[in-house]
Amino acid sequence: QVQLVESGGGLVQAGGSLRLSCAASGRSFSSYAMAWFRQAPGKEREFVAGVRWNAGVAYYADFVKGRFTISRDNAKNTVDLQMNSLKPEDTAVYFCAAFPSDVPVGYPDYWGRGTQVTVTS
């Protein structure tokens, strides 16, 4: 059993910034890739950003490239998502996920319960 807990969501105006954090517990994550997903009202959950746990290679959805940055701290078992230049269409519940691989591809084994991000115009 692994627990993922997101934090840092909130309300911000367009053009502002937020930093999301994901804290993992329950086991070692030395071989886990991590990612952020989001789900807006009326839409399916979509991939936002991912990172290889050990290699440090990052992956981004096209709609966040240049605005969001994913980072990790293996010693703390945490993954952050720095979100800049936020747009109203970024409004969603953001979820942290852990993959049974070094690469954030396929189905995650674990999900956090999400944190709400609301961007107003």
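**Before you start**

This is a predicted model, in which local features need pLDDT of at least 70, side-chain atom pairs count only at pLDDT 80 or more, and totals for chains, interfaces and linings use all residues. Residues are numbered from 1 along each chain as its sequence is written, and side-chain values use heavy atoms, with hydrogens and water left out.

**Exercise 1: Building a sheet**

Task: find in which order the 4 strands of the open sheet are arranged.

Solution, step by step:

- Begin with the terms. Strands are DSSP runs of E with at least two residues, numbered from the N terminus. Two strands pair if DSSP finds at least two bridges between them.
- Take β3 (residues 18–25) and β8 (residues 78–83). They are joined by 6 bridges and pair in the antiparallel sense. Within this pairing, Ala23 has Thr78 as its bridge partner, and Arg19 has Gln82.
- Now go to β7 (residues 68–73). This strand is antiparallel to β8, with 6 bridges between them. Here Thr69 is the residue that stands opposite Gln82.
- At the edges are β1 (3–7) and β7, each of which pairs on one side only.
- Finish with the twist, which averages 15 degrees from one strand to the next. For angles like this, axes are lines fitted to C-alpha atoms (for helices over the stretch in contact), and angles run from 0 to 180 degrees between N-to-C directions.

**Exercise 2: Looking into a turn**

Task: work out which residue in the turn of the β7 and β8 hairpin has a positive phi.

Solution, step by step:

- Locate the hairpin: 4 residues lie between β7 and β8.
- Check phi in that turn. Asn77 has a value near 55 degrees, which is positive in a residue other than glycine.
- Ask about its surroundings. Asn77 is buried, because its relative accessible area is 18%. Buried means under 20% relative accessible area, exposed over 50%, and partly exposed in between (1.4 Å probe, protein chains only).
- Ser85, in the loop between β8 and β9, has a positive phi near 50 degrees. With a relative accessible area of 41%, Ser85 is partly exposed.

**Exercise 3: Tracing a disulfide**

Task: identify which cysteines form a disulfide.

Solution, step by step:

- Recall the idea: a disulfide is a covalent bond between the sulfur atoms of two cysteines. The cut-off used here is a pair of cysteine sulfur atoms within 2.5 Å.
- Search the whole structure, and 1 disulfide turns up. Its partners are Cys22 and Cys96, with sulfur atoms 2.0 Å apart.
- See what is linked: Cys22 in strand β3 and Cys96 in strand β9 (residues 92–99) are 74 residues apart, so the pair links distant parts of the chain.
- Look at the torsion about the S-S bond, which is about -80 degrees, so this disulfide is left-handed.
- Check burial as well: Cys22 and Cys96 are both buried.

**Exercise 4: Rings and a charge**

Task: decide which rings form a stacked pair, and which rings lie under Arg45.

Solution, step by step:

- Start from the rule. Rings of Phe, Tyr and Trp (its six-membered ring) pair if their centres lie within 6.5 Å; planes under 30 degrees apart count as stacked, over 60 as edge-to-face and the rest as tilted. The count comes to 5 aromatic pairs.
- Tyr32 and Tyr110 are a stacked pair, at 6.3 Å centre to centre with 25 degrees between the planes. They are 78 residues apart in the chain. Tyr32 counts as buried, at 7% relative accessibility.
- Next comes a cluster: Phe37, Phe47, Phe95, Phe99 and Trp111 form one aromatic cluster.
- Apply the charge rule: NZ of Lys or CZ of Arg must be within 6 Å of the ring centre and within 35 degrees of the ring normal. The charged end of Arg45 sits over the ring of Phe95, 3.7 Å from its centre. Arg45 also lies over the face of Trp111, at 4.7 Å from the ring centre.

**Exercise 5: Finding the core**

Task: name which residues touch the most other members of the largest nonpolar core.

Solution, step by step:

- Use the definition: a nonpolar core is a set of buried Ala, Val, Leu, Ile, Met, Phe, Trp, Tyr and Cys residues joined through side-chain atoms within 4.5 Å.
- The largest core has 29 residues, and Met34, Trp36, Leu81, Met83 and Tyr94 touch the most other members.
- Elements giving two or more residues to this core include β3, β8 and β9.
- A second, separate core has 5 residues, among them Ala33, Ala35, Ala97 and Phe99.
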